[in-house]
Every structure is written in C-alpha cells, then in structure tokens.
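Colleague: I have not looked at this one before. Can you walk me through it?

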Amino acid sequence: MSHSLYIDDTPASVKNAKGLHLITMSTPNGQKVQIMLEELAEKYGTEWDTTFVNIMTNDQKKEWFLRLDPNGRIPVLVDNTQSPPFSVMESSAELLYLLKFADKDDVFGFKDEYERSQALQWLFFWHGSGAPYQGQVNHFNKFAKEKIPYAIERFKNETLRVYGVLEIQLSGKFTGEPKEYLAGNGKGKYSVADIGTYPWVKAWEFSGFSKEDMEAFPHLLKWIDRIGARPAVQKGCGEKYNMPK
C-alpha cells in the first residue's frame with residue numbers, strides 16, 4: 001500500500017471499502033452527512049458503506065482515525081474511488097464535497113451563483129455560529145461534571161439568539177416574503193443549507209429549551225416539521241444509524 005492513510009489498526013471495514021465510506025456516529029454532525037447520503041441515494045442511487053465509531057470511548061482519538069481527520073471528530077467521509085483515497089473532515093465540507101461530486105444536477109444546491117452564495121452563507125452561519133453554541137449548551141447542561149449557571153445561561157441565550165436569526169430569514173421579516181427553506185429565491189429551495197442546520201435545531205428539546213422558549217420562533221418550528229417530514233431525513237436520523245451493540 002503506497003499511501004499512509006490506512007495502517008494495521010485501521011478497521012477492515014474502512015480500509016477495505018471500495019467507494020464512498022462514512023465514518024460516523026448519529027450525533028447532529030453525523031446526521032448531516034447521513035441525511036445527505038440518504039437524499040443522494042433516493043435521487044441517484046448513490047451507494048456507500050458505513051463504519052460506526054463510539055465517540056464516548058474516544059475511538060476517534062486513535063491513530064488510525066487521526067490519519068483520516070487530525071482533529072479527531074466525526075463524521076469523516078472517505079472517497080475510495082480516488083487513488084490514494086481522499087478523506088474529507090468537517091461535516092459542512094463533506095456536504096459540499098458530496099454536492100460537488102455526487103449531485104450532478106445540483107438538486108441539493110444551486111446553479112445560480114447568487115443562490116449558491118446564499119446557501120453557503122447559511123451553511124457557514126450554522127456551522128460557525130449555531131452548532132458551537134448549541135453544542136456548549138448540551139455540554140454544560142447535560143455532561144459537565146459541575147453545573148455552572150453562568151455558562152449554561154450564556155450559551156442558552158446565544159443559541160436562542162441564533163434561532164432568532166433563522167426565524168428572521170424564514171419569516172421574511174425584512175423582505176415581506178416568508179421562506180420555506182433557508183436559501184434560494186422566493187420561498188427558497190431545500191438544500192445543503194437546510195441539511196446542515198436541521199439536525200441540531202430539531203434537538204432543541206434535548207438541549208433543554210422549553211416550548212415557551214420556542215414560541216418566539218413559529219416559522220422555525222414549521223421549518224423543523226417541514227424538513228423532518230422528508231423520507232431521506234427520517235432515514236438519515238433513524239434506526240439505520242443506531243450504534244451497533
């Protein structure tokens with residue numbers, strides 16, 4: 001083997017894969033790419049294999065994984081159709097990789113450059129401004145060894161502020177035209193912007209937000225229901241991706 005991407009400790013399911021291979025756990029970030037692959041499967045018949053990694057046991061910090069993603073975070077997408085295999089880290093980058101190489105008709109993207117820019121803006125907005133805040137809410141609310149009220153309040157408030165930004169976009173507050181999806185002209189079009197945002201926002205209740213908290217975001221709640229009704233979204237967040245026992 002001429003490349004150094006795989007080593008003896010790399011799981012056989014990873015190093016013996018022939019096409020697209022997803023290394024994941026069904027967290028919000030994992031679900032982004034799981035959903036995208038399921039959408040591509042419905043549209044084009046896209047095929048891939050999956051290896052599950054238990055992040056609670058720090059498998060993602062082992063050398064075999066770090067060779068694929070030095071940051072040690074799931075998910076990782078490996079394209080074994082390339083020689084040597086090409087690995088992609090960061091869930092939003094993986095969505096864009098699949099958009100470029102597996103969505104020839106731009107079903108989940110845009111051909112118009114300005115609409116494409118909108119999709120990138122909202123995808124990056126959530127990646128940089130949404131997920132980090134809600135992730136910290138989950139950490140301090142659910143997993144921290146001690147409860148730190150200041151941290152919990154700060155990150156809850158910031159996440160609610162970000163929800164408010166999504167609400168502005170979807171409600172058409174400043175345009176006079178409500179949108180069904182985050183990016184695209186008019187009411188918008190379902191795209192990677194929605195795919196990259198939905199798995200986190202749908203988990204608002206898990207994060208500790210109340211129904212009263214969410215009353216300020218009626219358009220966002222409708223958007224959650226709209227995205228969640230898609231069969232591929234349900235598959236991408238469903239039992240198929242439960243961690244094997």
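Colleague: Which strand does histidine 21 lie in?

Modeller: Histidine 21 is part of strand β1. Keep in mind that the model is predicted.

Colleague: Is that histidine 21 buried or exposed?

Modeller: Histidine 21 has a relative accessible area of 1%, so it is buried.

Colleague: And what does histidine 21 touch, not counting residues up to four places away in sequence?

Modeller: With those left out, histidine 21 touches Ser13, Val14, Asp49, Thr50, Thr51, Val76, Leu77, Val78 and Asn80.

Colleague: Change of topic, the nonpolar core. Which residues of the largest one touch the most other members?

Modeller: Those are Met36, Leu98, Tyr163 and Trp223, in a core of 54 residues. Two or more residues each come from β1 (20-24), α2 (28-44), α4 (91-102), α5 (113-143), α6 (149-171), α7 (192-201) and α9 (218-228). There is also a second, separate core of 13 residues, with Val14, Trp64, Phe65 and Val76 among them.

Colleague: Back to tryptophan 223. What is it in contact with, leaving aside neighbours within four places in sequence?

Modeller: On that basis tryptophan 223 is in contact with Leu170, Glu180, Tyr181, Leu182, Asp194, Thr197, Tyr198 and Val201.

Colleague: Now α2. Which of the residues of α2 are buried?

Modeller: In α2 the buried residues are Gly30, Gln31, Lys32, Val33, Gln34, Ile35, Met36, Leu37, Glu38, Glu39 and Leu40. They pack against β1, β2 (48-52), α4, α5, α7 and α10 (231-236).

Colleague: How far apart are the end C-alpha atoms of α2, and what should its residues span?

Modeller: The end C-alpha atoms of α2 are 24 Å apart. Its 17 residues, at 1.5 Å a residue, should span 24 Å, so the two agree.

Colleague: What follows α2?

Modeller: Glycine 45 follows α2, and the phi of this glycine is positive, near 80 degrees.

Colleague: On to pockets. How much space lies in the largest pocket?

Modeller: The largest pocket holds about 1,200 Å³. Its lining has 32 residues, and Thr27, Asn29, Ile55, Arg73 and Trp200 lie nearest its centre.

Colleague: Which helix gives the most to the lining of that largest pocket?

Modeller: That is α5, with 8 residues in the lining of the largest pocket. Both α2 and α5 supply at least two residues there.

Colleague: How does the lining of the largest pocket divide into nonpolar, polar and charged?

Modeller: In the largest pocket the lining has 12 nonpolar, 14 polar and 6 charged residues.

Colleague: And what is the volume of the second largest pocket?

Modeller: The volume of the second largest pocket is about 260 Å³. Of the 13 residues lining it, Leu99, Lys100, Asp106, Phe110 and Arg116 lie nearest the centre. The elements giving two or more residues to this lining are α4 and α5. By class, the lining of the second largest pocket comes to 6 nonpolar, 1 polar and 6 charged residues.

Colleague: One last residue. Where does glycine 109 lie?

Modeller: Glycine 109 sits in the loop between α4 and α5. Its relative accessibility is 2%, so glycine 109 counts as buried. Leaving aside neighbours within four places in sequence, glycine 109 is in contact with Leu99, Asp103 and Lys189.

Colleague: How far is the C-alpha atom of glycine 109 from that of asparagine 54?

Modeller: The C-alpha atoms of glycine 109 and asparagine 54 are separated by 31 Å, and the two residues are 55 residues apart along the chain.

Terms used
Residues are numbered from 1 along each chain as its sequence is written. This is a predicted model: local features need pLDDT of at least 70, side-chain atom pairs count only at pLDDT 80 or more; totals for chains, interfaces and linings use all residues. Side-chain values use heavy atoms; hydrogens and water are left out. A nonpolar core is a set of buried Ala, Val, Leu, Ile, Met, Phe, Trp, Tyr and Cys residues joined through side-chain atoms within 4.5 Å. Buried means under 20% relative accessible area, exposed over 50%, partly exposed in between (1.4 Å probe, protein chains only). Helices (H or I, at least four residues) and strands (E, at least two) are DSSP runs, numbered from the N terminus. Contact means heavy atoms within 4.5 Å. On a 1 Å grid over the protein atoms alone, a cavity is a set of points where a 1.4 Å probe fits but cannot get out, and a pocket is an open set with protein on both sides within 12 Å along at least five of seven lines; lining residues have an atom within 4 Å of a point. Grid points are joined across faces, edges and corners, and a volume is the space filled by probe spheres set on the points. Ala, Val, Leu, Ile, Met, Phe, Trp, Tyr, Cys and Pro count as nonpolar, Asp, Glu, Lys and Arg as charged, and the others, Gly among them, as polar. The expected span of a helix is 1.5 Å times one less than its number of residues.
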